[in-house]
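Hello,

Here is the structure I promised to hand over. Please open it first, then read my notes on its pockets and cavities below.

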Amino acid sequence: MRKKIVVTGGTGYIGSHTVVELVASGFDVVIIDNLFNSDITVLDGIHAITGVRPRFYDYDICDLTQLESVFAAEGQVDAIIHFAAYKAVGESVRKPLEYYRNNLVSLMNLLDMMERHNTPALVFSSSCTVYGQPDELPVTELSQVKEAASPYGYTKQAGEIIIRDTMAARPSQTAVSLRYFNPIGAHPTALIGEQPHGVPENLVPFITQTAIGIRDELKVFGNDYDTPDGSCIRDYLHVVDLARAHVMALQRMLEGKNKANYEVFNLGMGKGVSVLEAITAFEKATGVRLKYSVTGRRAGDIEKIWADPSLANRELHWKTEISIEEAMETAWRWENKLKNR
Ligand code: UD1
């Protein structure tokens with residue numbers, strides 16, 4: 001029997017790429033997504049890539065009645081991968097309660113479902129934001145979890161703690177938190193990718209929208225940081241590499257290879273790249289010159305962070321395979337595809 005996986009947020013950016021990898025690995029995928037920050041046409045993209053159209057529920061996982069009806073209809077579910085959440089750092093500062101309610105109620109509802117319907121495994125989308133500004137780089141999973149810079153960051157910290165404590169009380173279930181660094185790029189087919197609503201907050205969609213003429217210029221947020229070129233440093237990884245890590249983490253749990261019933265992994269390339277270097281990578285990969293200027297620092301930005309991904313390399317047998325230039329090239333191809341729609 002094929003294993004059945006419920007993917008919340010499966011039409012979102014990371015969710016849709018993970019659905020593609022799950023289907024390619026032979027899983028039976030069920031998506032729950034209320035399309036708050038995604039588009040129904042993503043299902044067409046998934047179908048075009050994989051030849052499969054996953055079952056889809058346009059439901060809000062904060063609504064326990066709707067969620068219950070999915071689990072009742074689907075029967076035995078082997079695992080949940082939980083992506084669905086609000087993720088805009090700045091917005092979370094303006095609307096903290098909405099972030100806490102949405103991101104935490106949804107998670108607690110899913111943990112309830114796992115108990116009621118005997119779902120053995122959970123993969124949780126966490127973030128490197130839980131480390132705040134680390135004292136030492138690169139960060140390992142043992143690095144200190146610091147004060148978060150935003151309510152969004154706190155929802156990820158709290159989410160991890162809720163899962164840890166719940167798993168401690170449920171020894172027969174397993175869960176993993178995956179701490180993503182900065183996912184970028186799009187599927188190489190350019191059939192799915194990132195589709196921000198409105199003005200993008202993240203760097204790469206802003207770069208591609210500027211290059212294609214939707215935005216006048218990219219503003220580089222600060223060049224007076226304590227970094228070699230003065231701009232902030234992040235660990236950018238391709239979204240398909242990130243998606244593959246979910247499949248590997250899932251298989252580890254389903255095969256009982258996990259070493260504890262709650263585990264945490266950093267998912268990054270292990271390399272720090274500055275904003276100015278990211279711009280150069282885009283220009284090199286695409287041959288397009290980007291218009292940009294330096295402006296002031298963005299509130300809440302971390303100066304520099306990159307991952308030590310060796311635990312995931314060793315335990316999940318995962319490592320990134322796609323370079324930042326290739327990632328930029330896929331992002332650019334996707335932006336061009338969006339333009340011609
Ligand atoms: C942050 C969080 C990440 C979270 C993500 C959600 C940290 C370290 N990272 O990512 O965990 O999942 O938000 O959206 O807390 N930049 C510009 N100009 C722009 C846009 C961005 O210079 O127009 C710079 C930023 O200052 C930053 C880098 O580009 O240095 C990356 O920014 P962004 O893509 O927004 O991601 P993070 O802020 O790193």
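Start with the second largest pocket: its volume is about 190 Å³. Keep in mind that this is a predicted model.

Helix 6 has the largest share, with 4 residues. By class, the lining of this pocket has 5 nonpolar, 2 polar and 4 charged residues.

How many cavities of 30 Å³ or more does a search of the whole structure find? The search finds 1. The largest cavity holds about 40 Å³ of space.

Its lining is as follows:

- His82 and Ala85 take part.
- Asn103, Leu104 and Leu107 take part too.
- Phe124 is another lining residue.
- Thr155, Lys156 and Gly159 complete the lining.

Helix 5 (96–116) supplies at least two of the cavity's lining residues, and so does helix 6 (151–169). By class, the cavity lining has 4 nonpolar, 4 polar and 1 charged residues.

One element is worth a look in both places. Helix 6 gives residues to the lining of the second largest pocket, and helix 6 also supplies at least two residues to the lining of the largest cavity. I would begin there when you turn the model around.

Best wishes

How values were computed: Residues numbered from 1 in each chain as written. Predicted model: local features only at pLDDT ≥ 70, side-chain atom pairs only at ≥ 80, totals over all residues. Heavy atoms only, no water. 1 Å grid on protein atoms, 1.4 Å probe; cavity = no way out; pocket = protein on both sides within 12 Å on 5 of 7 lines; lining within 4 Å. Points joined across faces, edges and corners; volume = space filled by probe spheres on them. Nonpolar A, V, L, I, M, F, W, Y, C, P; charged D, E, K, R; others polar.
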